Amino acid sequence: MTAKRWTIETICDALGSPPAKQRFLSEINRAPVHEIVTVFAKWQQIAEDISAAVERGRELARVEAETGEVPGEWIDVTDRIQAEAAAARSRGAA
């Protein structure tokens with residue numbers, strides 16, 4: 001996705017969530033001048049990764065709508081997730 005022209009605005013748009021946008025803007029605004037490009041590049045990569053994941057999700061949804069199945073191999077981890085959630089609850093986590 002490096003062909004996209006990334007700006008502070010397009011990174012904010014790609015991040016989606018207000019807390020992520022706020023963190024990005026906070027980091028870019030507080031960065032010393034010699035670190036701005038590094039901070040920008042870090043968040044550009046995050047935005048590219050999110051954008052790629054969104055596109056992949058849309059493609060999977062399209063294929064599922066057409067075929068009734070999500071393509072690829074899937075491993076059912078429901079039991080593991082439920083066990084981890086129960087352990088977290090027992091420790092007092094939300």
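Q: Is Gly68 buried or exposed?
A: This predicted model needs pLDDT of at least 70 for local features and 80 or more for side-chain atom pairs, while totals for chains, interfaces and linings use all residues. Residues are numbered from 1 along each chain as its sequence is written, and side-chain values use heavy atoms, leaving out hydrogens and water. Gly68 has a relative accessible area of 56%. Buried means under 20%, exposed over 50%, partly exposed in between (1.4 Å probe, protein chains only), so Gly68 is exposed.

Q: How many Å separate the C-alpha atoms of Gly68 and Thr78?
A: Gly68 sits in the loop between helix 3 and helix 4 (78-90). Helices here are DSSP runs (H or I, at least four residues), numbered from the N terminus. Gly68 and Thr78 lie 10 residues apart along the chain, and their C-alpha atoms are separated by 21 Å.

Q: Which residues of helix 1 are buried?
A: Helix 1 spans residues 8-15. Its buried residues are covered by elements including helix 2 (18-30) and helix 3 (36-67). The buried ones are Thr10, Ile11, Cys12, Ala14 and Leu15.

Q: Which residue just after helix 1 takes a positive phi?
A: Look just past the end of helix 1. The phi there is about 80°. The residue is Gly16.

Q: How are helix 1 and helix 2 oriented, roughly parallel or roughly antiparallel?
A: Their axes (lines fitted to C-alpha atoms over the stretch in contact) have angles that run from 0 to 180 degrees between N-to-C directions. The axes of helix 1 and helix 2 come within 8 Å and cross at roughly 150°. That makes helix 1 and helix 2 roughly antiparallel.

Q: Which residues in helix 3 meet helix 2?
A: Helix 2 and helix 3 pack at about 165°, with axes 9 Å apart. From helix 2 come Ala20, Arg23, Phe24, Glu27 and Ile28. Contact means heavy atoms within 4.5 Å. The partners in helix 3 are Ile36, Val39, Phe40, Lys42 and Trp43.

Q: Which residues does Ile11 touch, not counting those up to four places away in sequence?
A: Ile11 is buried in helix 1. Ile11 also belongs to the largest nonpolar core, 12 residues in all. Helix 1, helix 2 and helix 3 each supply at least two residues of this core. Ile11 touches Trp6, Phe24, Phe40, Trp43, Gln44 and Ala47.

How values were computed. A nonpolar core is a set of buried Ala, Val, Leu, Ile, Met, Phe, Trp, Tyr and Cys residues joined through side-chain atoms within 4.5 Å. Angles under 35 degrees count as roughly parallel, over 145 as roughly antiparallel, 65 to 115 as roughly perpendicular and the rest as oblique.
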